[in-house]
Structure formats: C-alpha cells, structure tokens
Amino acid sequence: KRKMFLSVDEYINGVAEGNRMVLSRAITLIESNNPDHFAKAQQVLQQLLPRTGKALRVGITGVPGAGKSTIIEALGNMLCDMGHKVAVLTVDPTSSVTKGSILGDKTRMGTLSRNQNAFIRPSPAGGTLGGVARKSRETMLMCEAAGYDIIIIETVGVGQSETTVRSMVDFFMLVVLTGAGDELQGIKKGIMELADAIVINKADGDNLLKAKVSRGEYERMIEYIRPATDGWQTHAYLCSAIKKTGLKELWKVIEIFVKMTKDKGSFQKRRENQLLDWVHSMIDEHLHNLFFDDPVITGRMPEVRQAVLTGKISPTQAVAELINLFDVERAAK
Ligand code: GDP
C-alpha cells in the first residue's frame, strides 16, 4: 500500500538508490506550492547535492512540429542502448491545468517512456516562468542524484523559455525544418545565437535534397552570428529522427563539444556562471515580490501612479518615494 507521506530520509535514500517511484514523488514535492513541501524538498535536495552535477545537460528547442520529441525519443533510446541513463524534462510556460500545453503530453515518447533506463517528466503546470525555472532546475538535480547521467530539457519558443533552458544546460540545439527561405524569417536571430548546433530534421525521402540546400543557407547565416559558446563553432547538421540517420553523428558532435570545452575550461566556467545567475535571479524575484506584495506599497501605489500620470511628480521621484516608504517600513519591523 502506498504511504501518504515519506520521511526526508526515505526521499533521500530512495532517490539515491534510483527508485523511480520515489524520484517521481520527490519531484512532486519540488513542484508543490505548499510551504511545508517546499521546506521538505529543500532538506532532501541539500543532502543530495553532493550527488548532483555529474550529468551532461542538453537543451533542445524548435517550433511545434519540428520533430523535437521524435528526435528525443530516437536519441534517448540510442543513448540507453549505449548504457546511459536518460532523463527528459520539459519547460513549457504555457503548461497549465486548464490551458493544456504546447509540448503536449508525454504519450508522445511512447517507446522511451517504457525504457527502464529513461525517465520522462513533463513541465510543472502553471506559475511564473521564474517559478517553473526553479522547479525544473531542482528536478534536474534530483534526476542527477538518482543516477541519470544525461538530462535532456525540451522547450518551445515561447517568451523567455529558450533563454531559461539555455541557462540550465551545457549544450543547446535548435531543431529546424527545411525550406529555410521563408522559414528563416520566422526564426529569431536571438535564438540562433543561443544554439551550439542547428539540426535540420526530416532530412529524408523527397526532402533530403532540400535539407542539404537548407544546411548551406544556415551555414551562411551562422557566419554572421556570435557563437553561443566560447571556442566552439556552431554548425548546421542534417538528421532524420524517423529514419534514425544523423543521430550517431549528432551525438559525436556533442561528445567533441564536451571534450573541447572541458579542456578549455569554458564548460566549468559556464556551470559556475549558471549557478551564480540562478542565485541572483532568485534574489531578484524574491525582492520583487517582497516589494510588490507589501501592503504598505500596494496601499500607496494607486496614488503614486496617479501622481505620475498627471505630471505631479516625475517617475524618478515616484520610485524614490516608494522605495523610501518600503525602507522605513522594513526598518520598523
Ligand atoms: P515536436 O512538436 O517538435 O515535438 O514534433 P514531433 O516530434 O511531434 O514531430 C512532428 C511530426 O513530424 C510528427 O508527425 C512526426 O512523425 C514527424 N517527424 C518527426 N521527425 C521526422 C523525420 O525525421 N522525418 C519525417 N519525415 N517526419 C518526421
């Protein structure tokens, strides 16, 4: 019979043993908005921290229909066959209980989800991107502690979700389709700047020739773009997730990337920066909430807004007044 609550030690031991049921429940704890669950999840994470950080973290983005889940399934099964343990997470800020999600449910990766060496977890539903990001990062750490040595994080081009995933991973790839000409217009240059590889999927059948032409077009575009990773030249590659071609080669590229960036130190440097950026962004969010949820501030805000709109005070004066009010109030506490 399923116990309602596990103790902190039961979570720690279960995750460390790679028990998938306990791992799932630990992630549910992380995703919970209940303060008691939050505190418990933090205790579990704290103890497991020494077991984290050893996995390779790979991000994957692309418009819906590009073939992300088909690629992840083929690549994931291939990596499991090679003896890896693969965890697949998604970051989807559109995901919510009522709205559904762009990335859909994970029946998409049927064969991978049945693989004993794979673990698939969809995006936590609802909340701010900051909240989703915190939960996804901690979920990633939990999976690492459970022995998954490759973490694949999938996202779509919604809001800042790509930047968020880039800030969590070592290697980031953009999946695109052929027929660049028109489509290139739709791909934001900013997203190409985040990518360590551009993967042209569906390079099969009648599409193969077009895919080769596309690769040339992407290669020319890349020349004008600052590389995402110091000392690494981003390139465009062909693959077919359905025919399972180009995937071994893609994995080889990732292995070379890891070796090169580890030798040059940029791998470790990025990890360090990511950790500190995470700390800073959580402080930002915390302070933001302290300020905007403060009853004294929310009470005064309408008046100050009105004063700014009617030109009675300048925006700078308005900020000074509110911050001062906030300071005085906190000092009195
Ligand atoms: P996602 O929305 O990016 O996850 O895309 P999916 O993986 O769900 O794929 C969208 C559609 O493209 C599905 O019907 C797939 O079967 C198809 N597809 C994916 N990869 C390939 C491929 O390599 N070749 C071909 N011909 N079709 C593919």
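**Helices, sheet and ligand shell**

Modeller: Helix H4 (residues 68-81) lies across strand E1 (56-61), strand E2 (86-91), E3, strand E4 (150-155), E5 and E6, and runs at about 175° to E4. Contact here means heavy atoms within 4.5 Å; axes are lines fitted to C-alpha atoms, for helices over the stretch in contact, with angles from 0 to 180 degrees between N-to-C directions. Helices (H or I, at least four residues) and strands (E, at least two) are DSSP runs numbered from the N terminus. The model is predicted, so local features need pLDDT of at least 70 and side-chain atom pairs pLDDT 80 or more, while totals for chains, interfaces and linings use all residues. Residues are numbered from 1 along each chain as its sequence is written, and side-chain values use heavy atoms, without hydrogens and water.

Colleague: In which order do the strands of the open sheet lie?

Modeller: Strands of a sheet pair through backbone hydrogen bonds, either parallel or antiparallel. Here the seven strands follow the order E3-E2-E4-E1-E5-E6-E7, with parallel pairing; a pair requires at least two DSSP bridges. Strand E3 (118-121) and strand E7 (235-238) are the edges, each pairing on one side only.

Colleague: Over how many bridges do E5 and E6 pair?

Modeller: E5 (residues 171-176) and E6 (residues 197-200) share four bridges in the parallel sense. Ile200 in E6 is the bridge partner of Val176.

Colleague: Which residues are closest to the ligand?

Modeller: A residue counts as near if one of its heavy atoms lies within 4 Å. The ligand is surrounded by 15 residues, the closest being Gly65, Lys68, Thr70, Arg108 and Asp204.
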